[in-house]
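Subject: Structure handover

Hi,

Here is the structure I promised to pass on. My notes follow below it.

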Amino acid sequence: MYEKEKDLISAFLRGEVDRRGMLKGLGAAGLTVGTAGTLFNMMSTQALAADFDWKAHSGKKLKLLLNKHPYADAMIANLQTFKDLTGIDVTYDVFPEDVYFDKVTAALSSGSTEYDAFMTGAYMTWTYGPAGWITDLKEWINDPAKTNPQYAWDDFLPGVKNSCAWNGQPGGALGSDDAKQWCIPWGYEQNNLSFNQAMFDKAGVSVPKNLDELSVAAAKLTKDVGGGVYGIGVRGSRSWATIHPGFLSGYANFGQKDLNVGADGKLSAAMNTADSKAFHAKWVSMIQESGPKDWSTYTWYQVGTDLGAGASAMIYDADILGYFMNGGDNKMAGKLAYAPFAANPAASAPTPNIWIWSLAMSNFSRDKDATWYFLQWATGLEHAIFGATKMDFVNPVRASVWKDEIFRERLNKSYPGYVEMHDVSAPGAKIHFTAQPLFFDVTTEWAATLQKMVAKQVPVDEGLDQLAESINRQLQEAGLG
Amino acid sequence: MDTMSPLERTLRGLALTLVVVFFMFPIFWIFLMSFQTNETILAIPPSIVFSPTLSNYAALITGKLQTAAGTLDIAFMSNLGNSIFLSVASVAVSLVLGVPAAYAFARHKFRGSEDIAFTLLSFRFAPPLLVLLPLTQYFQWLGLSNTYLGLIWVYQLICLPLILWIVRGYFEDISADVEYAYRIAGHSWFATFRKIALPLAGPGIAAAGLLAFIFAWNNFVFALVLASADKQPVTVGALAFVTSSGIQYGQIAAAIVLSVTPTLALALYAQRYLVEGLSLGAVKG
Amino acid sequence: MASTETLRRPASGFRISRKMLPYVLSLPALLVCIGILIPFFTAVIYSFQRYRLSQPWARQFNWGENYLNFITDPAFWNTLKVSLLYAGLTVTLELLLGLGIALLLQRRSTVNNFISIMLLLPLMIAPALAALMWKLMTNPSFGILSYLASLIGLHDFRWASSPDTALLTVVLVDIWVYTPFIMILLLAGLRSLPTQPFEAAALDGVPRSFVFFRITLPMLTPYILTATLFRLLDSIQQFDIIYAMTQGGPGNTLTVFQVEAYLNFFQSTNVGRSAALLIILWAITYTLSNVFIKNWLRLRERARGEA
């Protein structure tokens, strides 16, 4: 039964037929979507299994530590496939995002052997790696005996992949030759514009092309849309999370850096240059004029909530926040649009700083080979396609998923401009911070300084000089400066 | 105090109304939110008019949340179960340990009694964060991490000092004469404690127990750090609705309402001990 | 001391000597808690180390350097100031309000009893969740409180988001959550006061204010001290409300001890500094409680003497 269809799927899996061709063929054969899906899963399992001993660790048990997130949801929905494929039993603990990293830090710092792999962001690995809590995955990636031939490590977007690799030297370039692969990218977020088209039309505003235009557009939206709607949503709480999205993306677009790395490897603060001060001044006045009134307590979920509920006209933040707010029971669902954004008029392309949800292997795992089996499956192409086309696994980190017609069409249909935004800004998308263990100290104080500037407690120039001085002192105290 | 002028009566009524409004309004608002979806909760300006839905409660109780991306599992009811078990067990252990100790401190001046009492109190002011890191490591070695036993033990830090010091005050307020008379009649120390002292201090014990229960109920950092997902209390469970794909205010509100219910039921049940039966004037020396 | 006299006669049945009895009664409680002392002392050791989890190779004793650094660190002095201010404000206001409410509800009636139980509700909501709800209620777009404020002309009231009103806002939430704690303890105390002195005062026509300040208040003082002590210990260690509402901001407006220590530990993983901060916090609470307990005991003795 279904022999012909199976052949077609096999051809696809071998790369002889593209996805569209396969689905067309299956449709012509009169297969329902459900049957096709079942067949597809079965065949892909077989295809994966064909040239690689997926059963090598059959009967073993793994435990994961996961953040409550659509990525984790997508993985859990597909987990049975992995269990069938490998015979490895997988259990997991899911914790709310609010407390997730506290749990990770507590588990790892105590050397707990409970979890074999866990979700993390790249910034966190700048602590976890040097602390000796996570494993350099290069050894596994480069071992053909342990990694299935279809894994296609080259398929990962280079900026994203490299952002998860660091040699452990404070200030060391991400993705350098001696870098250790601390985690494998899973899904990621670029920071660009998501906006409410109807409000733009109402206020007669076109999509801004640089920071000055952004300020003007935001001010006009605040003035003309009415109903208390404000022009621009950017994060503002006293946290590292305020610095890394739109703010750093725009900042990096002007060629500005957080820290300088000296020839002797010593770090020093770089945020009190004249250009940086000019950028800060514009950013601060934009928030004062057209930002949310509760900006200094405004976190990622409010950026999203306000856009989704029609309280804000535009956000310069994670693209996936705009993505999620365009669906579900949000009032503005279906009314949002997207655009890439380069803050610097002289810049040729956007340089979004990125957040990468990744998977890392605990150094305290009792069976690292079996854990790697899970990691390569979860970050493999099959699962990425499943997540991107059937679940909300956006943005995928593999180039071939972005080339997938089904995925592109799905996005184009409901998320106007999203694919184009990604394509335009992906080449410049990477982590623009300096990798070093004091990341959270630097960014938290930076956010607190921004808050003081927005509240007019300190002038921008003076605030940045104070910040630089304080950061230099802390770097020296830690033996880094 | 029995004679109250009409003016005073009015002023008192007014003050009480203000108090009730201040403390009850947020509760009322949360209660309303629990019957709404984000669409009406996030209305501009906020509105009191909405068509109520039970979907938040349905999602919490059945453990199935319908989203655009499919059905997701929610562990809220098991979180609730954990909270009930942890709080009840911790308070029970605290009562068994704390009440006799409180009695000892109240009735006997023994060498070092004040020092021991103060040491016990001092556990209350060790910031949890301070002991947590070493504690996770010691728990690993002792095999106590991720066990209810370990958690109940750590919860004693919250409950025991509170019970001990509040109950001690009540024991001290009871005249020793009644106990003395009972002992004279040839009864044992234990019988005296059980038949005379405990019932007289009952209201105080109930009040202290309820407060300890509330504080244990509201704590979540211990369970978060020391145990895995299947042993987490409601507080952690409710935070799960702050997700990357949006914050579900309606479900958080419903979670709050559900999580308050057992405590409120307990308080209403114990009402006569808490506020009615605390009259110790009759037995006070 | 009548209480010791009571037990002079040996008990029949139980063969525990009179001298040992109190130790037997209090030891289990002590033993259960004493285990916590081991992690506590471990943490004290950490506080004397240069100990960053991200630089395990650089871990060494630096004796007191963590503490000495505080002297020249303006952030530390700000933390100390804010913590004390926060604790002082919340405890004072909650005590006054709690006492006031307890006096309003003093008379035994079904309505009063019901109200007093209902007033406990804020206490039953975990502070982290309560803060989340307050954050929503004070949201400039969707918040009912912001809306009500705008109705009375406060169009630009920014609650926790402005450095001018952030402290007031979190204090307000703290008052909402914890006043019931003080109220219920004082109400219990009020209702357990002996009735004779009040009846006598009423017969003599003593002014009400005199009764309150010279009879009610002194007799209630032990309860007030207990309630204040526990509230003070919690308030100076406040974390949930402040962190959930402002994360210590805006600027450094609300970087109280626990927020600083939390950020130092969980984000910066600077265990040494975090532990040193918490030890100082512990020392402050230790001193404060000592003062309270001394007074409490003195009052107890005096009350017993008068009785």
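Which residue stands opposite Leu64(A) in β2(A)? It is Tyr92(A).

Some housekeeping before the rest. This is a predicted model, in which local features need pLDDT of at least 70 and side-chain atom pairs count only at pLDDT 80 or more, while totals for chains, interfaces and linings use all residues. Residues are numbered from 1 along each chain as its sequence is written, and chains are lettered from A and ligands numbered from 1 in the order in which they are written.

Chain A overall

Chain A has 22 helices and twelve strands. These are DSSP runs, numbered from the N terminus: H or I of at least four residues for helices, E of at least two for strands. Of the 481 residues in chain A, 58% are buried (20 or more other C-beta atoms within 10 Å of the residue's own, with C-beta atoms placed from the backbone). Take the contacts in chain A between residues at least 6 apart in sequence: 74% of them join residues at least 24 apart. A contact means C-beta atoms, placed from the backbone, within 7 Å.

The five-stranded sheet

One open sheet in chain A runs β2-β1-β3-β12-β6, with mixed pairing (strands pair if DSSP finds at least two bridges between them). β2 (89-95) and β6 (184-189) of chain A are the edge strands; each has a single partner, so one side of each lacks a neighbour in the sheet. Neighbouring strands are turned by 20° against each other on average, direction ignored. Strand β1 (residues 61-67) of chain A runs parallel to β2(A), and seven bridges join them.

Two helices go with this sheet. Helix α4 (residues 70-86) of chain A packs on it, touching β1, β2, β3 (117-120), β6 and β12 (355-361) of chain A. The direction of α4(A) makes about 170° with that of β2(A). Angles run from 0 to 180 degrees between N-to-C directions, with axes fitted to C-alpha atoms, for helices over the stretch in contact. α5(A) lies across β1, β2 and β3 of chain A, at about 135° to β1(A).

Contacts with chain C

Chain B meets chain C with 93 residues, against 87 from chain C. The chain B side divides into 66 nonpolar, 16 polar and eleven charged. Nonpolar covers Ala, Val, Leu, Ile, Met, Phe, Trp, Tyr, Cys and Pro; charged covers Asp, Glu, Lys and Arg; the others, Gly among them, are polar.

Best wishes

Methods. Buried ≥ 20, exposed ≤ 12 C-beta atoms within 10 Å, placed from the backbone.
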